[in-house]
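User: Hi! I'd like to learn how to read a protein model. Could you walk me through some features?

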Amino acid sequence: MKIVLAADSFKESMTASQAVAAMREGVRLALPEAECVGVPMADGGEGTVDAVVDALGGERITVDVADPLGRPTRARYGYVAARRLAVIEMASASGLELVAPADRDVLRASTFGVGQLIVSALDHGATELLIGIGGSATNDAGVGMLTALGATFTDTEGAALPPGGAALAHLHRIDVSGLDRRLADVRVQIASDVTAPLLGTGGASAVFGPQKGAGPADVEILEAALSRFVAVTEAALGHARPDRPGAGAAGGLGFGLMEFLAAECDPGVEVIAHTVGLEQALTGADWVFTGEGSVDAQTLLGKTPFGVAQVAARTGARVVIFAGRVAPDADVLLEHGVAKLIAITSPGTPLEQALRDGPAALTRAAAEVCRTL
């Protein structure tokens with residue numbers, strides 16, 4: 001029997017690799033003769049670097065960068081030398097969690113630190129960038145990132161704009177002649193589950209701005225500023241498609257990456273699955289075990305367990321989803337190719353205990369399921 005172990009992280013309890021190891025131990029206890037193939041997974045958000053680095057044997061590189069408000073911080077990315085692939089989580093440099101609630105200022109928050117990570121990746125020889133763009137504190141459409149990469153954004157007086165999305169209201173000229181020339185030979189892949197456009201009632205400012213501290217007046221300022229950015233981008237590049245799915249992701253970082261760096265944008269779990277070779281691993285597999293901290297009906301909207309199930313459906317492997325919490329409405333997953341939903345934590349278990357005991361609980365649950373196969 002062949003079992004593929006393709007777990008995401010169980011937030012605050014296990015990384016994806018630790019979850020795979022816990023599952024592997026459970027399989028060993030119940031089915032010692034089974035062939036186990038571990039493929040740590042992610043969906044483009046937190047844990048993407050760890051999943052890809054662990055799956056492909058890469059390294060983690062730490063860099064001094066600017067946080068969303070320009071303060072010094074340290075961020076890391078993954079690098080797989082054999083493929084010249086750099087894996088970046090934008091939130092590590094420009095994420096909302098880097099700024100205390102009282103200090104959040106979405107009008108001037110910048111993605112400059114993301115650009116610094118890209119420069120470091122280029123210095124290491126990367127020719128492919130995989131960028132997960134969830135969890136941002138920013139709404140600058142990637143202008144900070146592009147500034148770090150050598151582009152300039154100036155007002156009518158020729159002065160460089162200050163950081164942040166609001167400043168784009170005064171944008172007059174974009175000069176991309178100084179962009180790092182190495183980018184011409186780099187393929188950029190965005191991993192994002194956000195399909196929002198850049199502008200409008202379903203766009204970056206209106207939908208995600210309030211989550212970053214923007215009030216109604218701030219949203220209007222940002223919407224007008226990004227509209228100005230689109231117009232000047234069109235003049236500078238000869239193209240600008242703010243309506244492309246994903247353009248509004250990460251405060252418009254998707255737009256900046258797609259228009260200026262020719263990035264491709266696809267659902268996160270699909271990108272990660274392709275990168276780590278999930279479908280190849282599933283060839284000839286009887287079962288695939290996947291999971292994350294919590295599953296519910298929203299798991300159908302691009303979360304890792306459902307993405308794994310979709311890949312498994314193409315290979316004929318049957319799917320078991322493990323989770324710390326399985327919501328009642330998660331039963332809808334059973335209508336989409338999932339054979340079993342397994343909660344590894346007993347109802348009523350205190351959260352602190354559930355997080356602490358997660359690996360052992362996952363091992364026990366995997367062993368119990370294997371005894372029934």
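Analyst: Let's start with rings: F153, F229, F255 and F260 form one aromatic cluster. Keep in mind that this is a predicted model.

User: How many aromatic pairs are there by this rule?

Analyst: The count comes to four aromatic pairs. A pair of rings is described by how far apart the centres are and by the angle of the planes. Take F289 and F322: their ring centres are 5.3 Å apart and their planes sit at 65°, so this pair is edge-to-face, the label for angles over 60 degrees. The two partners come from distant parts of the chain, with F289 in strand 11 and F322 in strand 12, 33 residues apart.

User: Are F289 and F322 buried or exposed?

Analyst: Both F289 and F322 are buried. Here, buried means under 20% relative accessible area. T154 lets you try the cut-off yourself: its relative accessible area is 14%, so T154 is buried as well. You'll find T154 in strand 7, which covers residues 152–154.

User: And which residues is T154 in contact with?

Analyst: Setting aside neighbours within four places in sequence, T154 is in contact with A159, A160, L161, H170, L171, H172 and R173.

User: Now helices. What span does helix 13 reach, and what is expected?

Analyst: Helix 13 runs over residues 358–370, which is 13 residues. From its first C-alpha to its last it reaches 18 Å, close to the 18 Å expected at 1.5 Å a residue.

User: Which residues of helix 13 are buried, and what do they pack against?

Analyst: The buried ones in helix 13 are G358, A361, L362, T363, A365, A366, A367, V369 and C370.

User: How do I look for empty space?

Analyst: The general idea is to roll a probe the size of a water molecule over the atoms, which shows where empty space is left. In this structure, the largest pocket has a volume of about 1100 Å³. It is lined by 39 residues, and D43, G45, E46, G135 and K303 are the closest to its centre.

User: Which elements supply the lining of the largest pocket, and which classes of residue are there?

Analyst: Helix 3 (91–94), helix 8 (249–261) and strand 11 (287–295) each supply at least two residues of that lining. Strand 11 gives the largest share, four residues. By class, the lining of the largest pocket has 11 nonpolar, 17 polar and 11 charged residues.

User: What about the second largest pocket?

Analyst: The second largest pocket holds about 360 Å³ of space. Its lining has 20 residues, with G293, G324, R325, L351 and A354 nearest the centre. Strand 11 turns up here too, and along with strand 12 (318–326) and helix 12 (351–356) it supplies at least two residues to the lining of the second largest pocket. That lining has nine nonpolar, eight polar and three charged residues.

User: How many cavities of 30 Å³ or more does the structure hold?

Analyst: It holds one. The largest cavity has a volume of about 40 Å³, and its lining is P68, L69, L96, V99, R104, D105, V106, A109, A137 and K212. Sorted by class, the lining of the largest cavity has seven nonpolar, no polar and three charged residues.

Notes: Residues numbered from 1 in each chain as written. Predicted model: local features only at pLDDT ≥ 70, side-chain atom pairs only at ≥ 80, totals over all residues. Heavy atoms only, no water. 1 Å grid on protein atoms, 1.4 Å probe; cavity = no way out; pocket = protein on both sides within 12 Å on 5 of 7 lines; lining within 4 Å. Points joined across faces, edges and corners; volume = space filled by probe spheres on them. Nonpolar A, V, L, I, M, F, W, Y, C, P; charged D, E, K, R; others polar. Expected span 1.5 Å × (residues − 1). Buried < 20%, exposed > 50% of the residue type's maximum accessible area, 1.4 Å probe, protein only. Phe/Tyr/Trp six-rings, centres within 6.5 Å; stacked < 30°, edge-to-face > 60°. Contact = heavy atoms within 4.5 Å.
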